[in-house]
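Here is a short briefing on one protein model. Look at the helices first, then at the ligand.

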Amino acid sequence: MRTEAVDVAIVGGSLSGSATALLLLRGNPGLRVLVLEKSTAFSRRVGESTVEVSAYFLARVLGLTAFNNETQLSKQGMRFWFSRPGVEELVECSEIGGRYLTRIPAWQVDRSTLDEEVLTRARNAGATVLRGAKVRSVRLAAGGRQWLRVETDGESFNVEARWVVDASGFTTLLARQEGWLRSNREHPTTACWARWSGVTDLDGSDLTMRYPEWSQACCGIRATATNHLVGDGWWAWVIPLKGGETSVGVVFDQRRVRWPAGPEPLVHRLKSFLCAHPMGRALMQDAEPVAGDVHWRANLAYWSDRMAGDGFVLVGDAAGFIDPLYSPGMDWLSFTVSRAVDLILRSEAGEPVVPRVDRHNGDFTRSYRRWFDAVYRDKYSWLGDFELMQVGFRLDLGLYYIGVVSQPFQLGPKALQNPVFSLPASRIPQWIMRTYNRRLSRMADDRRRRGTFGRANARHRDLLMGFLPDRSSGPPLLRALARWLVLEVREGWRTWLPEPVRVGPVA
Ligand SMILES: Cc1cc2nc3c(=O)[nH]c(=O)nc-3n(C[C@H](O)[C@H](O)[C@H](O)COP(=O)(O)OP(=O)(O)OC[C@H]3O[C@@H](n4cnc5c(N)ncnc54)[C@H](O)[C@@H]3O)c2cc1C
């Protein structure tokens, strides 16, 4: 069997793999980089909404501003639509979102075209790209040469490399093979999604004429935001794509939502689920699913116990995934890729690897745990309540801007080598986020007990002026903290004491 020798072999040529290849070759054009991608052409995939950090990475690090402006849609922030029993019309749904257009760039991306472009750029930079090449297994040797067994149409061969980059996404090739894969059982979420044609245009003339007051309330563009429908224990994304089709999917907490069972095809059940929400009904009434493009994925959250070693490194989804709410997937991708590239380039320059690998594992494991704990743990218990989200979303967004988005804009791309919550300075913001997220969850449970959950989910509108990655975000963030404190004084006191431990009857 033939063997190919390279410096770096990358498993997976989608965004994380191709970005790693491109940046490695930019840092050291002499490297022999081989990208092995099992698909022969990319299809659409989730990961369609960028946020400010991933948009920075795409634009300023990978250099895709012009490409994105020409081929993708400019994203207009996030909007949330709430409902409660008795609400029939979309205009009655309570709304949280921006009043104007956003000021920091982000895009709604069709990943089939984006990933193809980045892979082409990697090839043009000097990478060898093999399509239809599936990596069957990897033999790791710390500090030595790594061996990969590859299959293409009708041929098997070996690849010998100093470094293996696992960019295999949800397949998590190395983590599965080595037994490092951990399912995040504290966060049992499932997603179902499809792409659709004929989704209603929220800024079209029909709705403008029918609901002029509602239309005029927002001076920006609602339709190119990531619109979220929210309910108790679930949310749905509505992401428009260039060319007129729309990605729409639901994510739910399996502890709170029973997904409709039945003989109907999955895509029909998805549509019925969405249409139970008045905004979902308005958006989806004439929508038709794109044939063969409906998907289901259970237990979304997982991580790898090891993220790097002397000879391998995991990037993007191959290293872990938390939750799609707020679209952090490509932020994580930006951090893991930036740091992996630095690790390999330094190793190739002769710097000691082992201490960096130890730091790498520590930083990313800490980042994953703290990120999950601060932002996502039990989030689905309160995101369906307008008043709690008014407070929580403002705080989440304000702290993201001040603590995370500000970093690359102030320090440049090297800031992306420090994943969220990995630095000591992030301890206090992480504690604040963890605390208000826990408190909002307790208040949501208390509201449910008292029958007041979602009481402001109709006929309320909260249109934000937005945050910026500088000091100007300080006053609105302080106001958001003050809102939280007011909420605590008004109703939070009911849950200040720890919940009593319930002892069941002895059988
Ligand atoms: C429901 C849902 C919604 C999401 N929404 C968003 C969002 O709006 N915004 C956001 O930023 N993120 C989102 N994400 C996360 C986002 O999809 C991922 O973070 C991102 O796509 C990861 O890219 P990747 O390149 O690491 O992996 P992938 O895009 O999964 O690519 C992996 C590649 O590896 C290849 N491959 C796999 N195994 C092998 C093998 N053995 N040999 C060769 N090639 C192989 C595959 O063919 C594929 O091309 C979402 C995730 C989910 C589950």
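**Helix pairs and a ligand**

Helices α10 and α11 are roughly antiparallel to each other, because the angle between their axes is about 175° and angles over 145 degrees count as roughly antiparallel. The model is predicted. Two packed helices are described by the angle between their axes and the distance between the axes.

**α10 with α11**

- Helix α10 covers residues 329-348, and helix α11 covers residues 354-376.
- Their axes lie 11 Å apart.
- On the α10 side, the contact includes Asp331, Trp332, Phe335 and Arg339.
- On the α11 side, it includes Arg356, His360, Phe364 and Trp371.
- By class, this contact of α10 with α11 has eight nonpolar, three polar and seven charged residues.

**α12 with α13**

- Helix α12 spans residues 386-411, and helix α13 spans residues 427-450.
- The two pack at an angle of about 170°, with axes 11 Å apart.
- That angle makes α12 roughly antiparallel to α13.
- From α12, the contact residues include Leu388, Val391, Leu395 and Leu399.
- From α13, they include Met433, Tyr436, Leu440 and Arg447.
- Nine nonpolar, two polar and three charged residues make up the contact of α12 with α13.

**Around the ligand**

- How many residues surround the ligand? There are 34, and the closest are Glu37, Ser49, Arg111, Asp317 and Met330.
- Serine 49 places a backbone N or O atom 2.8 Å from a nitrogen atom of the ligand.
- Aspartate 317 has a polar side-chain atom 2.7 Å from an oxygen atom of the ligand.
- For serine 327, a polar side-chain atom lies 3.2 Å from an oxygen atom of the ligand.
- Taken alone, the ligand exposes 1,000 Å², and the protein buries 94% of that.

Note on methods. Residues numbered from 1 in each chain as written. Predicted model: local features only at pLDDT ≥ 70, side-chain atom pairs only at ≥ 80, totals over all residues. Heavy atoms only, no water. Axes fitted to C-alpha atoms, helices over the stretch in contact; angles between N-to-C directions. Helix = DSSP H or I, 4+ residues; strand = E, 2+ residues; numbered from the N terminus. Parallel < 35°, antiparallel > 145°, perpendicular 65-115°, else oblique. Contact = heavy atoms within 4.5 Å. Nonpolar A, V, L, I, M, F, W, Y, C, P; charged D, E, K, R; others polar. Near = heavy atom within 4 Å. Polar contact = N/O pair within 3.5 Å; in protein donor to acceptor, adjacent residues only side chain to side chain. Areas by Shrake-Rupley, 256 points an atom, 1.4 Å probe, with all protein chains shown as cover.
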